[in-house]
Amino acid sequence: MQITKTKDEKKPNMDCVNLLTSVLIYYPEISKISIEPDEKIYINYIIQKILTDEEIEKTRTLLEECLKSYHYLEKTQVECDEVKINIEEKATFITIKRDMKTFSHGELRLINTLINEELLIMDTDKIPMIDSTMLAQMDLIDTMFASLKINPEVEKMIGIRQAGRVIVFNK
């Protein structure tokens with residue numbers, strides 16, 4: 001009798017899993033984050049209201065201009081920088097697409113600050129308590145971003161928030 005594997009089982013990149021988990025825990029306003037095989041990172045936000053065309057354009061312009069300024073100050077040559085804002089049913093979806101080579105935790109903090117200040121999407125019950133564990137989490141996120149730049153992810157990894165839990169899976 002011969003036993004054969006039907007699927008080549010590969011262990012997921014734990015730095016990627018830990019990064020997605022840490023980002024979703026530390027930044028509760030992010031609804032989904034994914035890393036694609038083409039070394040792109042997608043960060044998704046859901047705003048529980050319909051933005052007007054004027055608000056959409058103002059938000060898109062603000063994000064794009066601030067990110068351009070950030071990249072200029074950091075002397076970063078960005079390969080991919082895209083902001084999409086879509087309206088679906090009773091919510092507004094914001095998707096930021098970036099390349100993993102130049103994306104940083106500092107840029108993620110800037111994006112979150114801009115979205116929170118502009119759209120006020122963070123509920124007060126979701127504000128993370130800043131303690132030594134959370135500060136260590138921030139350092140860990142920095143380390144994992146650096147690690148993924150050295151060892152790029154080759155499979156699609158997605159982290160989502162569902163029913164109060166953070167779930168990370170490969171697709």
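## A hairpin to start with

In the hairpin made by β5 and β6, two residues sit between the strands, and Ala163 takes a positive phi near 50°. Strand and helix names here follow DSSP runs, numbered from the N terminus: helices are H or I runs of at least four residues, strands are E runs of at least two. β5 covers residues 157-162, and β6 covers residues 165-170. Six bridges hold these antiparallel strands together; two strands count as paired if DSSP finds at least two bridges between them. Across this pairing, Gly159 stands opposite Val168 in β6.

β5 also has β1 as a partner: the two run antiparallel and are joined by four bridges. Ser34 has Ile158 in β5 as its bridge partner.

A word on the model itself: it is predicted, so local features need pLDDT of at least 70 and side-chain atom pairs count only at pLDDT 80 or more, while totals for chains, interfaces and linings use all residues. Residues are numbered from 1 along each chain as its sequence is written, and side-chain values use heavy atoms, leaving out hydrogens and water.

## The nonpolar core

What's packed inside? The largest nonpolar core has 36 residues, and those with the most contacts inside it are Ile30, Ile43, Tyr45, Ile94 and Leu108. Such a core is a set of buried Ala, Val, Leu, Ile, Met, Phe, Trp, Tyr and Cys residues joined through side-chain atoms within 4.5 Å. "Buried" stands for under 20% relative accessible area, "exposed" for over 50%, and "partly exposed" for anything in between (1.4 Å probe, protein chains only). Elements giving two or more residues to this core include α1 (14-26), β1 (30-35), β2 (40-47) and α4 (132-150). The largest share, seven residues, comes from α1.

## Helix α1 and a tyrosine pair

Among the buried residues of α1 are Cys16, Leu19, Leu20, Val23 and Tyr26. The helix's length checks out too, because 13 residues at 1.5 Å a residue should span 18 Å, and the end C-alpha atoms of α1 are 18 Å apart. (The expected span is 1.5 Å times one less than the number of residues.)

The structure holds one aromatic pair. Tyr26 and Tyr27 form it, edge-to-face, at 4.9 Å centre to centre and 80° between the planes. Rings of Phe, Tyr and Trp (its six-membered ring) pair if their centres lie within 6.5 Å; planes under 30 degrees apart are stacked, over 60 edge-to-face, and the rest tilted. Both Tyr26 and Tyr27 are buried.

## Residues in the loops

Ser104 lies in the loop between β4 and α3, and counts as buried because its relative accessibility is 18%. Its side chain makes a polar contact with the side chain of Tyr70 at 3.0 Å. (A polar contact is a pair of N or O atoms within 3.5 Å; within protein, one must be able to donate a hydrogen and the other to accept it, and residues adjacent in sequence count only if both atoms are side-chain atoms.)

Glu39 sits in the loop between β1 and β2 and has a positive phi near 60°. With 25% relative accessibility, Glu39 counts as partly exposed. Glu89, in the loop between β3 and β4, also isn't a glycine but has a positive phi of about 50°; at 79% relative accessible area, Glu89 is exposed.
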